[in-house]
Amino acid sequence: MDIFTGPVGSANTPQQIHDYAPEITPSGLFWTMPLHPDSVRVEFNSARAFMHAESVSVPDAHDIANSLTHGQGIVTPTFTIPPIAPVPATVSFDVHWSGEISRATVVNEAQNFRGEFIKTGSTIKWSSIQNGFSFESEDPDPARSLGATIGRERNGVFFSADDSD
Amino acid sequence: MLPRPLLLSRRSFLGRHISRHLQEFHPGASSRNGSLSRRNFLTSAAGAAGLAFWLPQAAQAGQGKGKSAAPIPIPGGVSPLGIFIHHFPAQPTGTPLEALNDPSQITDFKGFVGLNRIRGGGTSPQFAQTLAFQADMGFMKGQFIAEDGNLHQGVFGFI
């Protein structure tokens with residue numbers, strides 16, 4: 001969940017001022033954290049899913065470069081992001097996936113996953129709070145979705161498993 | 001929620017994988033001829049099948065021989081800013097599903113997944129102008145083989 005000082009619709013790293021995400025674990029697990037079981041509800045046949053959480057503690061890495069480098073910053077040919085240490089923050093969010101656009105069975109042997117997937121619309125209402133800063137997003141707007149998918153999948157060791165297993 | 005037992009046949013897919021895992025990584029559970037005895041298999045499989053539904057403390061504290069109950073990342077991914085990450089961003093609405101990348105962050109997983117990308121605006125008392133946001137959000141809800149080699153069930157948010 002990123003915040004930028006640029007115009008709405010933009011997402012330019014040099015203009016980023018907040019980057020809320022769980023830390024990348026030593027194993028490489030990316031921006032993922034356990035949630036309460038009631039946080040996610042899926043109505044797959046109706047092409048709907050909901051994810052809701054309140055006051056989730058996550059670090060604010062300031063920008064994606066510092067999130068990916070654990071606060072080391074980065075130098076690229078076009079811009080430099082200085083090192084910035086993460087600070088504690090909390091986020092709340094209400095995310096919806098709904099409105100079936102297309103549906104397909106996907107078997108991707110190269111990436112070792114398969115399943116039934118649905119392209120949908122999506123909306124979000126979210127907020128953040130930390131020492132010296134708070135943010136509240138606009139009301140949910142389906143026109144803001146750039147891409148959304150829900151699915152029922154198997155990957156890794158389950159890729160070749162029978163449905164009966 | 002308390003862990004609940006999952007009944008597994010040694011001939012089932014999971015039973016075969018757990019049996020193979022135990023043979024490879026927990027040889028002490030094997031009988032002298034190298035195969036798992038029924039008692040050892042059932043004992044180990046019962047532990048392996050102890051479902052860690054909503055056990056973040058267990059995931060953080062680690063379980064069994066230094067390996068945690070945390071999920072394992074997918075092997076693939078992309079490299080924003082030249083840094084490899086185990087994640088494929090949500091694809092644009094116009095991209096056909098046949099070209100889908102794995103929306104899960106967790107491998108050895110079966111269950112429901114969701115992933116999206118939304119850009120919008122919002123306000124902050126500390127700024128006069130509207131701020132822009134991008135949210136890449138997702139979830140995984142189902143069963144997975146964790147770092148400890150055991151089958152777990154859980155709900156994870158990609159935030």
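## Chain A: elements and dimensions

The model is predicted: local features need pLDDT of at least 70 and side-chain atom pairs count only at pLDDT 80 or more, while totals for chains, interfaces and linings use all residues. Residues are numbered from 1 along each chain as its sequence is written, and chains are lettered from A and ligands numbered from 1 in the order in which they are written.

Along the principal axes, the C-alpha atoms of chain A fill a box of roughly 50 × 35 × 30 Å.

## Burial and contacts within chain A

Of the 165 residues in chain A, 42% are buried (20 or more other C-beta atoms within 10 Å of the residue's own, with C-beta atoms placed from the backbone). Among contacts in chain A with a separation of 6 or more, 58% join residues 24 or more positions apart; a contact requires C-beta atoms, placed from the backbone, within 7 Å.

## Interface with chain B

At the interface, 80 residues of chain A contact 69 residues of chain B. Strand E11 (residues 145-155) of chain A gives the largest share of the chain A side, 11 residues. That side comprises 45 nonpolar, 24 polar and 11 charged residues (nonpolar: Ala, Val, Leu, Ile, Met, Phe, Trp, Tyr, Cys and Pro; charged: Asp, Glu, Lys and Arg; polar: the others, Gly among them).

E11(A) also pairs with strand E1 (residues 109-123) of chain B, antiparallel and over 9 bridges; pairing requires at least two DSSP bridges between the strands. A:Glu153 has B:Gly111 as its bridge partner in E1(B).

Note on methods: Contact = placed C-beta atoms within 7 Å. Helix = DSSP H or I, 4+ residues; strand = E, 2+ residues; numbered from the N terminus. Buried ≥ 20, exposed ≤ 12 C-beta atoms within 10 Å, placed from the backbone.
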